[in-house]
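Let's take a friendly walk through a protein model. Please look at the picture below, and then we will visit a few of its parts together.

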Amino acid sequence: MNQLVRPKIGASACPHDCPSTCALEVEIIDGRTIGRVRGAEENAYTAGVICAKVARYAERVHHPDRLLHPLRRVGAKGSGEFAPISWDDALDLVAEQFLRAEQKHGSEAVWPYYYAGTMGFVQRDGINRLRHAKKYSGFFSTICVNPAWTGFIAGTGKLAGADPREMAKSDLVMIWGTNAVNTQVNVMTHATRARKERGAKIVVVDIYMNSTMQQADLAVLIRPGTDGALACAVMHCLFRDGKADWDYLERYTDAPRELEEHVRTRDPAWASQITGCPAATIEEFARLVGERKRAYFRLGYGFSRSRNGAINMHAASCIPAVTGAWRLEGGGAFHNNGDIFHFDKSLIEGSDVRDPSIRMLDQSRIGAILTGDKEALQGRGPVDALLIQNTNPVSVAPDQEVVKRGFARDDLFVCVHEQFMTDTAKVADVVLPATMFVEHNDMYQAGGSQYILLGPKLIEPPGECRSNHEVNCALAQRLGAKHPGFAMTERDLIDGTLQKSGWGTLAELEANRWIDCQPDFATAHYLNGFAYADGKFRFKPDWPKVPFGRWHRNVPSRPIPSLPDHWDVIEEADAEHPFRLATSPARGFLNSTFTETPTSLSREQRPTVMINPDDAATLGISDGEMVTLGNRRGEVRLHAKLFDGVRRGVLIAESLWPNSAYADGRGINTLTGADSIAPFGGAAFHDNKVWLKTLAN
Ligand code: SF4
């Protein structure tokens with residue numbers, strides 16, 4: 001008789017750069033094969049729900065195009081001609097080239113370059129141990145969080161907020177500047193629960209009628225980069241209509257009377273001119289916030305990817321401080337929980353051997369750095385060698401033509417450790433095959449919730465794939481880099497880091513699957529005071545001194561407004577560039593990951609740009625037609641998608657497709673700028689002025 005054999009289930013965590021960091025349950029078919037991936041029901045934030053792309057993760061793990069063996073370039077740079085090489089020979093070659101670069105221009109000539117392709121501490125951050133031990137150039141990670149985190153911390157004093165699970169207990173959930181349906185589905189789980197169980201309203205603020213906006217009770221559609229104006233007008237209405245909680249304001253905030261006076265002139269009519277949103281919609285938004293005090297502001301990253309992004313984030317975060325929503329369960333604001341975890345990562349990162357005199361190079365300015373821009377190199381020597389893990393800068397970094405020029409340098413040696421032949425791997429000298437999350441051990445800290453999770457090795461890797469930790473240790477041995485972390489296993493590093501940080505042991509984490517680090521209610525809601533010395537929320541932050549605990553050197557060229565406002569430093573459309581372009585995230589992709597899986601590809605189909613039908617009619621563009629977008633940085637060809645959910649004058653290119661998916665091999669980041677966002681760096685991916693033409697023009 002046939003018996004149904006249920007596959008073994010392995011507990012894990014999603015490794016991707018998504019705030020949810022879902023707790024996963026992975027079907028293990030055999031020692032080398034996984035099946036379906038599901039969300040853990042018992043995890044209170046994941047609540048059994050994960051996105052479709054990770055549910056079908058077997059498509060990635062068992063993809064026929066995975067890199068399985070080390071490769072050495074044999075043709076011209078970028079020709080894509082590679083030949084197999086043994087691991088030993090590959091590592092010897094990389095070490096030899098790094099030592100040569102070091103001898104020629106000093107240790108800073110080598111730049112370990114990484115990012116969030118995995119969010120695991122061991123496999124993402126271990127490259128820093130090699131960097132510190134060898135005094136290689138430092139990596140100032142700006143591409144994602146800096147404007148958003150700075151803007152949030154400017155008000156509260158630290159990166160933490162009301163428990164995200166409290167969304168389910170709100171009467172009003174604001175989802176601001178994050179397309180949660182596409183990028184962090186769990187926000188929708190908790191928000192829609194509040195709607196179902198409590199009759200809560202969901203307000204969504206965004207720049208096009210994306211999947212999340214379509215689920216809103218009130219969709220607030222604004223022009224890109226105008227969130228500060230919207231926030232000011234909402235606060236204007238709250239003060240005007242007697243909805244400000246003056247007891248709270250006097251006790252918990254720094255300059256409420258100045259703010260009230262400041263927003264007196266910033267009424268909905270004023271904001272409507274800037275945002276393009278009807279004044280009546282802004283009034284309705286303010287009415288809901290004023291009447292439903294249990295209001296939760298879930299503030300995302302999207303609206304911070306603008307030259308005024310930090311200021312916009314701060315402005316939005318000021319609203320619950322005006323109403324005193326922080327007092328109530330289900331009220332307040334949340335962006336990220338980074339400051340609740342207090343990790344000591346010295347074993348993993350080797351921060352104990354860091355030399356502070358070594359320069360930090362701005363991740364977002366990799367193009368300028370590789371092409372020898374003196375300011376980007378901080379007046380010091382060139383970068384002659386790169387070790388790249390967990391990122392794909394030839395596709396994802398801004399100002400792509402300059403990035404490509406940099407990678408084309410004959411005197412630049414590039415080693416890429418990757419899972420697939422990405423745009424960056426294609427221009428490497430040595431390509432090393434990397435493991436995926438189910439094939440190595442790691443530990444994760446959530447951003448959008450409050451968990452520490454374990455992601456143990458569940459299956460053997462295919463071919464000759466090795467983990468980042470294995471590669472970093474093997475290189476350290478060849479390069480003479482010394483640190484105790486190089487002699488530890490992945491599991492030792494996890495155990496040691498947990499113990500050093502006061503979070504117990506690996507054995508305990510393994511037994512419990514995750515640690516719920518949520519602070520108590522009063523702490524999470526800042527009822528004992530905000531995280532500044534005087535305990536006050538800052539409507540008037542001292543921007544250069546915002547306690548954003550990262551290395552930074554960016555000084556704004558124009559003074560930042562002292563109170564929340566519309567800071568007019570965005571790339572406004574002009575006669576030559578009549579459109580504003582944002583490169584918002586596609587549902588099937590996660591940055592440049594998942595662009596190889598059949599399900600994601602069949603969903604996303606091809607690179608497109610959404611155009612308002614009236615704009616398209618004016619330019620004689622029909623749906624599906626190939627068009628060209630351009631600005632002073634370059635040109636991109638892709639297909640038009642007529643959609644009345646984008647405003648006139650706004651273009652949305654959901655991304656991030658590989659460069660090779662575009663007609664000329666020029667990806668969407670050809671159009672984005674690498675100038676640094678105030679006050680502490682970042683890339684303005686949604687803040688681009690462009691022209692739009694048909695191919696006939
Ligand atoms: S929603 Fe985000 S964290 Fe959850 S499985 Fe999908 S990508 Fe991973």
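## The ligand and its surroundings

To sort residues by class, Ala, Val, Leu, Ile, Met, Phe, Trp, Tyr, Cys and Pro count as nonpolar, Asp, Glu, Lys and Arg as charged, and the others, Gly among them, as polar. By that scheme, the shell around the ligand holds 8 nonpolar and 3 polar residues, but no charged ones. A residue is near a molecule if one of its heavy atoms lies within 4 Å of it. Among those surrounding the ligand are Cys 14, Cys 18, Cys 22 and Cys 51, together with Ile 50, Val 54 and Leu 590.

Where does the ligand sit? Its place is the largest cavity. On a 1 Å grid over the protein atoms alone, a cavity is a set of points where a 1.4 Å probe fits but cannot get out. A molecule sits in one if more than half of its atoms lie within 2 Å of its grid points.

## How to read this model

The model is predicted, so local features need pLDDT of at least 70 and side-chain atom pairs count only at pLDDT 80 or more, while totals for chains, interfaces and linings use all residues. Residues are numbered from 1 along each chain as its sequence is written, and side-chain values use heavy atoms, with hydrogens and water left out.

## A sheet of six strands

Helices (H or I, at least four residues) and strands (E, at least two) are DSSP runs, numbered from the N terminus. Two strands pair if DSSP finds at least two bridges between them. An open sheet is formed by 6 strands in the order β5-β4-β16-β15-β14-β6, with mixed pairing. At its edges are β5 (82-84) and β6 (110-114), each pairing on one side only.

Inside this sheet, β14 (residues 385-389) and β15 (residues 413-418) run parallel and are joined by 5 bridges. Leu 387 stands opposite Cys 415 in β15. Helix α5 (residues 127-134) lies across β6 and β14, at about 165 degrees to β6. Helix α20 (residues 468-479) lies across β14, β15 and β16 (430-433), at about 155 degrees to β14. Here contact means heavy atoms within 4.5 Å; axes are lines fitted to C-alpha atoms, for helices over the stretch in contact, and angles run from 0 to 180 degrees between N-to-C directions.

## A sheet of three strands

Another open sheet has 3 strands in the order β17-β18-β19, with antiparallel pairing. Its edge strands, β17 (442-445) and β19 (514-516), each pair on one side only. On average, neighbouring strands here are turned by 10 degrees against each other, direction ignored.

Strand β18 (residues 451-455) pairs with β19 over 3 bridges in the antiparallel sense. Tyr 451 stands opposite Asp 516 in β19. Helix α21 (residues 490-501) packs on this sheet and touches β17, β18 and β19; its direction makes about 40 degrees with that of β17.

Most residues other than glycine have a negative phi, and most peptide bonds are trans. Ala 47, however, has a positive phi near 50 degrees. This residue is in the loop between β3 (33-39) and α1 (52-55).

Which peptide bond has omega near -5 degrees? The cis bond from Ala 678 to Pro 679 does, and Pro 679 lies in the loop between β24 and β25. A cis bond also joins Ser 655 and Leu 656, with omega of about 25 degrees.

Methods. 1 Å grid on protein atoms, 1.4 Å probe; cavity = no way out; pocket = protein on both sides within 12 Å on 5 of 7 lines; lining within 4 Å.
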